[in-house]
Amino acid sequence: MSLAEFLSGLNDFIPPNVPFFVFSIAAAVIVILGFAMPIGGICTYIERKVAADFQERIGPNRVGPFGILQFFADGIKMFLKEDTATKNADMFIYNLAPGLVTAGALGAFAAIPFSKYVIGADLDIGIFYVMALASLVSLGILLGAWSSENKWSLLGGMRGAAQIVSYEIPLGIALLSVVVVSGQMSMIKIVDGQAWLGSGSFWYIFHNPFLFLNFFVYFVAALAECNRTPFDLPEAESELVSGFNTEFSGMRFGLYALAEFADVIMFACVAAAIFLGGWHLPFVNIENIHLGWSLAGKSLDPLIQTLFMILIFLGKASVIVFVVMWLRWTLPRLRVDQLMDLCWKYLIPIAFFNLVGASLWVWIFKGQSMIELISGMMGAG
Amino acid sequence: MLQEFANALSFIVLAAVLPVGILFVSKFLRPSYPYSGKLATYECGEDPVGSAFVMFNNRFYLVAIVFLVFDVEVALLFPIMRLFREAAINGGALPIFLLAFGFLFVLLVGLIYEWKKGDIDWVRDAIERKQALREDAAFKHRFENVKDS
């Protein structure tokens with residue numbers, strides 16, 4: 001059940017005969033304006049705070065308590081800044097590019113399963129949809145870099161395009177290995193395949209050794225897809241000034257910055273959903289927990305379960321986002337040839353090997369997981 | 001299911017309209033005092049030299065071509081492998097396995113060919129230079145041997 005259907009089911013509060021598209025737009029507004037953009041903004045603040053902690057500084061602490069409104073102030077500042085473009089810039093593409101990046105990063109949130117009932121669009125091809133929209137980002141970076149008529153930008157954008165395009169392959173193969181194991185492409189069904197049912201069905205990262213390895217392939221590839229350190233070659237501020245967004249200022253730059261973090265959060269959410277079990281916890285099945293609370297004769301259990309599911313899901317995603325921030329202050333940047341070697345000579349063969357391994361595992365063990373096999377053997381013994 | 005696609009469409013439309021709306025609104029609020037210095041291409045404070053469309057490594061083009069094949073292949077494998085689990089449990093997985101991995105095998109052979117040819121080494125010049133140095137050293141070694149004898 002998608003969020004729009006959930007909203008249309010709240011018939012106590014809503015006048016009758018409202019057409020369905022109102023609900024689907026409302027769902028999009030809730031997820032994008034209510035979740036993705038604020039979280040993207042707050043993440044820029046958190047990243048600065050985390051960076052400050054790693055370097056034993058204080059970090060932003062002026063705007064609001066603990067500086068938590070810093071992102072809001074930054075947003076207003078960017079909104080009111082003069083927005084210049086170079087004289088020879090290709091204005092149409094120059095304006096289009098930040099929009100493409102933002103549309104790709106934010107639109108992909110439609111297929112992120114926050115809980116069993118809170119998903120923007122419960123598509124049968126959820127994974128496909130996410131991959132398709134995420135690859136819009138590379139297009140936006142390349143177009144923005146090319147149209148701004150600047151050598152730094154051009155080099156950064158070319159690097160960015162080559163990098164994102166290359167790392168899309170291991171990313172896709174890592175996702176494919178999950179599809180092999182789960183037999184599903186809908187995000188909700190993939191997450192539901194990881195529920196704790198007592199029989200030992202568990203998160204796909206622990207399904208078999210090949211998926212365990214492919215999780216790390218996915219993580220590295222996703223880092224490169226988001227242009228995060230150690231793969232921040234398109235920006236590479238010590239070599240290319242600011243890379244692909246050198247000539248972007250004001251709100252156009254703000255959109256790039258927002259899209260970058262939206263992208264990180266999106267990939268972290270996908271990792272949490274398909275490898276780390278989404279809203280499922282080990283040893284408990286949240287759907288079986290009934291507190292029995294009720295309000296005005298209606299059971300509150302579904303609502304409470306949904307809240308818990310969202311919290312668990314976001315908890316997992318935020319752990320991954322923290323690791324991404326942590327890596328930024330740990331690893332040095334790769335060189336271009338190292339970047340390409342890592343992708344084509346290591347990640348792609350490893351991911352292919354794991355894909356074949358995962359399919360053979362599913363074939364030989366009839367889709368059972370490692371834990372199921374072990375518990376089956378212990379039961380037999 | 002169509003309803004779900006409508007939901008996804010509303011997400012895409014909102015995500016596309018949002019940046020346009022933001023840029024449009026901020027147009028009325030932000031100042032605009034352009035002059036030629038401000039509009040010049042940024043080249044670390046110097047006057048820009050020549051066109052920005054400089055020549056760059058054509059290796060990027062090769063990467064794009066290799067990527068194209070692999071991406072089409074990954075996109076094709078998704079619907080095939082979606083059926084694999086059911087087939088593995090109920091029998092009949094062999095044709096799917098052969099279809100998917102036969103296809104994949106051909107691609108991998110292609111990758112190995114590219115690899116051996118050095119097309120996925122980013123700095124091919126460096127490899128050639130290394131080889132030239134090696135030949136140089138061999139030549140020098142022979143030359144010195146000749147001189148000694």
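A: H5(A) and H3(B) are roughly antiparallel to each other (angles over 145 degrees count as such). This is a predicted model, in which local features need pLDDT of at least 70 and side-chain atom pairs pLDDT 80 or more, while totals for chains, interfaces and linings use all residues. Residues are numbered from 1 along each chain, chains are lettered from A as written, and side-chain values use heavy atoms, without hydrogens and water.

Q: How do the axes of helix H5 of chain A and helix H3 of chain B cross?

A: Two packed helices are described by the angle between their axes and the distance between the axes. Here helix H5 (residues 126-134) of chain A and helix H3 (residues 59-82) of chain B have axes that come within 11 Å and cross at roughly 170°, where axes are lines fitted to C-alpha atoms over the stretch in contact and angles run from 0 to 180 degrees between N-to-C directions; helices are DSSP runs (H or I, at least four residues).

Q: Which residues make the contact of H5(A) and H3(B)?

A: A:Ile127, A:Phe128 and A:Met131 of H5(A) meet B:Ala75, B:Phe78 and B:Pro79 of H3(B), contact meaning heavy atoms within 4.5 Å.

Q: What area do chain A and chain B bury between them?

A: The size of an interface is often given as the accessible area lost when the parts come together. Chain A and chain B bury about 6900 Å², 76% of it on carbon and sulfur atoms, with buried area taken with a 1.4 Å probe and summed over both parts.

Notes: Helix = DSSP H or I, 4+ residues; strand = E, 2+ residues; numbered from the N terminus. Parallel < 35°, antiparallel > 145°, perpendicular 65-115°, else oblique. Buried area = accessible area lost by both parts, 1.4 Å probe.
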